[in-house]
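Visitor: I should like to learn how to read the features of a protein model, one at a time. Where should we begin?

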Amino acid sequence: MNDTQNQRRSFLKTSLGVAAVAIAPGFLLFDVAHGHSEAVSAKVRWGMLINTESCADGCNDCVNACNKENGLSGGTLPTDSQWMRKIEIKDISGGHSLSLPMMCQHCEHPPCVDVCPTGASFKRADGIVLVDRHLCIGCRYCMMACPYKARSFVHEPLHDQNPDVPRGRGTVEACSMCVHRIDKGQQPACAEACSNKSILFGNLNDPDSEIAKKIRTVASAQVRSDLGLNPGIRYQGL
Amino acid sequence: MSTSTTSQLKLESTRFKNRLFYFMLAAGGLFVLAGMYAVHMMEEHGHIISGMNNQIVWGLPHVFAIFLIVAASGVLNVASIGSVFGKAIYKVRAPLAGLLSIAMLAGGLTVLMLDLGRPDRIIVAATNFNITSVFAWNIVLYSGLFSLVAVYLWTLMEKRMNIWSKTAGVAVFVWRFILTTGTGLIFAFLTARQAYGSAMLPPMFIILSFAWGMAVFHLVQTVMYAWNEQVLDSAIMDRKKHLLGIFVLASLYMVTVYHFTNMYFANRIGFEYFILRDGGIFPDLFWWGYVGLGNILPLILIYLPGLGRKKCALAASLAVVLGGFAFLYVFIIGGQAFPLSIFPGYEVSSSFGDGQISSYHPSIYEFMLGLSGLAIAFIITSISVRVLNFLPHDKPYIAD
């Protein structure tokens, strides 16, 4: 073997080594950034059962947890984002009153997804309705279409965002059911924060899940069920 | 008067008109600049500087944009009556109608686009297309109308292409019906809101477009005739005036039926009380602005015998346009101000305005943006009519 060949070999070896060192961290970081890389499945349908009988009047724990988890200001001006809010309702004829949390109902047939011109509003296979902040052009048609007034428009530039929950000025946003937590096997922040355990989160499609069993045994209702949207959020005692 | 004095006077008048033209163009340009400044401010600070919020998500810019887009479709009626139905006095007006359509569509779409939360991403609307979205359909309908009307103008204004003008005219005729249907459907598909979600809306918008388009056409035509020191044949004036009258009556009928059908549904009666009686500025604008100024006054001006022709037709057209703005303000803002019925049969309250009438105070930036749309339409029209031959050339009038 002559000198030239040796030089060529060592050059190739060094190049390969340098390339491996350069590419490896990218692969590793990609893994870190994406965590679970398997796709979500339609076998799962995430949902919630909210017990309005135990939901305490004046308690805002779920709303506060939502704001903290998603980096929302907690302001209640008409221009502030409110992914979750407490609604006090009173039966006009009977006078019976209730307090309950209201947020994106994660419909099976979401009107926001139907009307979105760019497909920024979309439903994941597991039933979670989300907004792709990169595709949203801020037309607000989804806000017009949502029967639950569940969506907010970001009216001001944002600072100090939660890296897990990127938001964007000029785009529309709503409850994501804490998708970043669900994908890590955790509960949504509101369900975890509720001291009365009024928010039961789980897989509606799994007949053995606690939520599915409970829905079979207690009377529950979907809000504006007349619209036929089949929301993933159900209310007990409504 | 000697010939030289006459020509001197004519020269003076031409010079004055030239100056006036550039002055008006500059004024229009200033309005456009003001609009662009408003857009810059909204880019910088977000929509917080507008009067819009999470309850009233579409505001004054949408009133301007939708008026311009609906009128852009309606003004083509003049062209259709000429090209599709072969009426000579309308046919000579088809190029002007086509130009106005393009100008107003450009103005309206500019406003709509620049009011987006992220106007910089408008290209996404073309690259990512959601087939179920009526908004996405409208993007195709608007760009299609632009192209079709441009081709139609070409067939009208280029002698060699004249043979195709009827075909292009029919295509434009069909397209604009679909386009205004699409505009109506934007609201008709909002089933959860008491104000919208009605199959009446697409036909209602089509008829409204006839009246608004005709009124805009008449305003522009009157100004053009005055500028060129020409007099419109009184028989032609009468025909156009009466056509406007019929469109105004028809649109009032459609709006009446829309409100009556809403009253028929028990769950919408509250909304009707709000918009027609109890809602403060909304019933005021509806009755005084839309019904009074936009319908009754034009009908009196058109049909009451003994009133002067020219000024009455001009005033009637102006009133129809102003009434159109009043109608859209009530329809768009009032429709959102009334609370969504999330829990029918319950009294509702929350930190997010549930169960409450939402308030809206348009900011100066919204006015600036909206007016810039009108200014864009004005600039396109005035430059085009100056450099190209858009003035209708009537042959001696024969009824057809």
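**Reading the model**

Guide: Let us begin with the elements of one chain: chain B has 14 helices and one strand. Please bear in mind that this is a predicted model.

Visitor: What box do the C-alpha atoms of chain B fill, and how does the radius of gyration of chain B compare with that of a compact globule?

Guide: Along the principal axes, the box is roughly 85 × 50 × 40 Å. A compact globule of 400 residues would have a radius of gyration near 21 Å, and the 22 Å of chain B agrees with this. Of these 400 residues, 50% count as buried. Among contacts between residues of chain B at least 6 apart in sequence, 77% join residues at least 24 apart.

Visitor: How is the packing of two helices described?

Guide: Two quantities are used: the angle between the axes and the distance between them. In chain B, helix H3 (residues 76–83) and helix H9 (residues 201–227) pack at about 90 degrees, with their axes 8 Å apart. H3(B) is therefore roughly perpendicular to H9(B).

Visitor: Which residues make that contact?

Guide: H3(B) contributes Leu76(B), Asn77(B) and Val78(B), while H9(B) contributes Phe210(B), Gly213(B), Met214(B) and Phe217(B). By class, five residues of this contact are nonpolar, two are polar and none is charged. As for spacing, an α-helix has 3.6 residues a turn, so residues three or four places apart point the same way.

Visitor: What span should H9(B) have, given its 27 residues?

Guide: At 1.5 Å a residue, H9(B) should span 39 Å; the C-alpha atoms at its ends are 38 Å apart, so the two values agree. After H9(B) comes Glu229(B), which has a positive phi, near 50 degrees.

Visitor: How many residues does each chain give to the contact between chain B and chain A?

Guide: Chain B gives 40 residues and chain A gives 42. On the side of chain B, helix H6 (124–127), helix H7 (134–157) and strand S1 (346–350) each give two or more residues. The largest share, five residues, comes from S1(B). This side divides into 20 nonpolar, 16 polar and four charged residues.

Notes: Residues numbered from 1 in each chain as written. Chains lettered and ligands numbered in written order. Predicted model: local features only at pLDDT ≥ 70, side-chain atom pairs only at ≥ 80, totals over all residues. Axes fitted to C-alpha atoms, helices over the stretch in contact; angles between N-to-C directions. Helix = DSSP H or I, 4+ residues; strand = E, 2+ residues; numbered from the N terminus. Parallel < 35°, antiparallel > 145°, perpendicular 65-115°, else oblique. Contact = placed C-beta atoms within 7 Å. Nonpolar A, V, L, I, M, F, W, Y, C, P; charged D, E, K, R; others polar. Expected span 1.5 Å × (residues − 1). Rg over C-alpha atoms; globule rule 2.2 N^0.38 Å. Buried ≥ 20, exposed ≤ 12 C-beta atoms within 10 Å, placed from the backbone.
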